[in-house]
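Trainee: I would like to go through the salt bridges here. Please show me the structure.

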Amino acid sequence: ADALNILALHAADGVATQAQLLDRFLRQLAPRLRVYDSEAGRSSFVQFKGWFNSLFLDRDGSPMAAANAAAIGVLAEENLARGQLRSAIEQLARLEGVFAAAAAPWLRDARARIAVNAATATLMTEAFDRFIEVDD
């Protein structure tokens, strides 16, 4: 019954496929997380200065928060590339402040995909179990 309720909740609008989630992550969310990590092309001294400052600054929008968001984005992207949606969700759930707000819509859709996958698996298992019972 719970599985049917989950499917009914998403029946009208559907949920994004895992491929669609990966595409949206790569085109929309990952660039937002990386934009805050603009180390590329900077001199070693400027990179070191940014790293040093990050040891002391830890508020939303600070160098440390930006570096964390960029690193979390990289880890999530690696998990998605391996088909590990749950792991990517866990990584992105660690974001804070403006970074969490940027990820919220994607996380909502990814969690819906996980819920629908679990509900579908439950219904398939129940149907298979009933089929086996009838066959015996």
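Mentor: Start with a term: buried means under 20% relative accessible area, exposed over 50%, and partly exposed in between (1.4 Å probe, protein chains only). This is a predicted model, where local features need pLDDT of at least 70, side-chain atom pairs count only at pLDDT 80 or more, and totals for chains, interfaces and linings use all residues. Residues are numbered from 1 along each chain as its sequence is written, and side-chain values use heavy atoms, with hydrogens and water left out.

Trainee: Why is Arg 27 called exposed?

Mentor: Its relative accessibility is 52%. Exposed means over 50%, so Arg 27 counts as exposed.

Trainee: What makes Arg 27 and Asp 23 a salt bridge?

Mentor: A salt bridge is a side-chain nitrogen of Lys or Arg within 4 Å of a carboxyl oxygen of Asp or Glu. The closest N and O atoms of Arg 27 and Asp 23 are 2.8 Å apart, so the pair qualifies. Both residues sit in helix 2 (residues 18-35), four residues apart, about one helical turn. Helices are DSSP runs (H or I, at least four residues), numbered from the N terminus.

Trainee: Why is Asp 23 called partly exposed?

Mentor: Asp 23 has 35% relative accessibility.

Trainee: How many salt bridges does a search of the whole structure find?

Mentor: Four.

Technical notes
Helices (H or I, at least four residues) and strands (E, at least two) are DSSP runs, numbered from the N terminus.
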